[in-house]
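Hello,

Here is the structure I promised to pass on. My notes follow below it.

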Amino acid sequence: MNIYDIIFYLFAAVTVISAFFVVTTRNIVHSAFFLLFTFFGVAGIYVLLGADFVAIVQLIVYVGGILILLIFGVMLTNKITNVQIKTGTMQMLPAAIGVGLFAGFLLSTVVSTDWKTISRHVPLPDAGTIGTLLLQQYVIVFELLGIILLIALLGAASIARR
Amino acid sequence: MENIGLNHFLIISVLLFSMGIFGIITRRNAVMVLMGVELILNAANINFIAFSKYGNFGYNGQVMALFIIILAAAEAAIALAIVLNIYKTFSTVNVDEIDRLKD
């Protein structure tokens with residue numbers, strides 16, 4: 001068991017355990033903070049997969065942007081005065097059974113499938129190549145996503161102000 | 001214990017995806033439903049990057065993961081604006097109590 005395996009299991013444990021707490025804790029603010037650890041764990045897994053640019057983007061956008069937005073959403077939609085930051089749950093047992101069956105099916109599919117992997121090719125972390133791809137092969141998608149992001153943020157601001 | 005391979009990453013992705021679905025169907029608060037969606041998007045991203053590495057697709061999977069992250073940001077902003085409006089209208093964000101289309 002080398003150092004790569006140990007780090008992998010560490011990040012995997014952080015990711016999965018905190019994701020479990022995200023969906024089971026009753027306090028929404030605690031859920032949001034466990035979501036922070038999940039995002040950190042996923043970023044670590046990206047680094048282990050040789051995608052450190054995506055890991056940095058994950059940290060900046062998810063932790064710095066989306067999580068803050070979610071916490072704003074929690075704070076603005078709960079009456080702070082009478083501390084109603086609890087969330088109700090419904091139909092726990094049927095949901096647990098259904099999701100458990102679904103996860104078991106997916107897991108058995110993943111494990112039993114003979115994935116054709118090429119292990120000798122490990123792409124070196126290189127943000128420059130990603131930038132070249134973004135501006136050459138994927139330039140239409142890139143520009144469209146920019147427009148979508150602009151429209152979405154303007155729309156969100158105008159919807160929220162109404 | 002076998003070496004870390006594609007399967008390990010896929011299993012983490014499956015677990016994240018399942019817990020995201022569990023969060024979506026059991027939580028009543030709309031913001032918690034959004035958190036479940038974010039978990040599912042992260043699971044999809046792990047799959048993209050894992051297949052990008054182990055399937056010899058170069059950087060294409062990583063670029064797709066970047067696109068997913070951008071879309072997730074747009075989706076979170078829009079969804080939270082809608083949630084704020086719903087809260088203004090109904091004084092609650094529990095998705096099972098919001099069952100009127102108009103007053």
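The second largest pocket holds about 180 Å³ of space. A pocket here is an open set of points on a 1 Å grid over the protein atoms alone, where a 1.4 Å probe fits, with protein on both sides within 12 Å along at least five of seven lines. Its volume is the space filled by probe spheres set on the points, which are joined across faces, edges and corners. The lining has 14 residues, each with an atom within 4 Å of a point. Leu106(A), Val110(A), Ser13(B), Val14(B) and Asn47(B) lie nearest the centre of the second largest pocket. Helix H4 (92–112) of chain A gives two or more residues to that lining, as do helix H1 (6–26) and helix H2 (30–54) of chain B. H2(B) gives the most, with five. Helices are DSSP runs (H or I, at least four residues) and strands likewise (E, at least two), numbered from the N terminus. By type, the lining has 10 nonpolar, four polar and no charged residues. Nonpolar means Ala, Val, Leu, Ile, Met, Phe, Trp, Tyr, Cys and Pro; charged means Asp, Glu, Lys and Arg; the others, Gly among them, are polar.

Two housekeeping points. This is a predicted model, with local features needing pLDDT of at least 70 and side-chain atom pairs pLDDT 80 or more, while totals for chains, interfaces and linings use all residues. Residues are numbered from 1 along each chain as its sequence is written, chains are lettered from A and ligands numbered from 1 in the order written, and side-chain values use heavy atoms, without hydrogens and water.

Now chain A. It has six helices and zero strands. Of its 162 residues, 35% count as buried (under 20% relative accessible area; exposed is over 50%, partly exposed in between; 1.4 Å probe, protein chains only). Val141(A) sits in helix H6 (residues 139–161) of chain A. Val141(A) counts as partly exposed because its relative accessibility is 35%. Thr113(A) lies in the loop between H4 and helix H5 (127–135) of chain A. Thr113(A) and Asn27(A) are 86 residues apart in sequence and 39 Å apart in space, C-alpha to C-alpha.

Last, charges. Over all chains there is one salt bridge (a side-chain nitrogen of Lys or Arg within 4 Å of a carboxyl oxygen of Asp or Glu). Asp96(B) pairs with Arg28(B), the closest N and O atoms being 3.0 Å apart. Asp96(B) is in the segment after helix H3 (60–90) of chain B, and Arg28(B) is in the loop between H1 and H2 of chain B, 68 residues apart.

Best wishes
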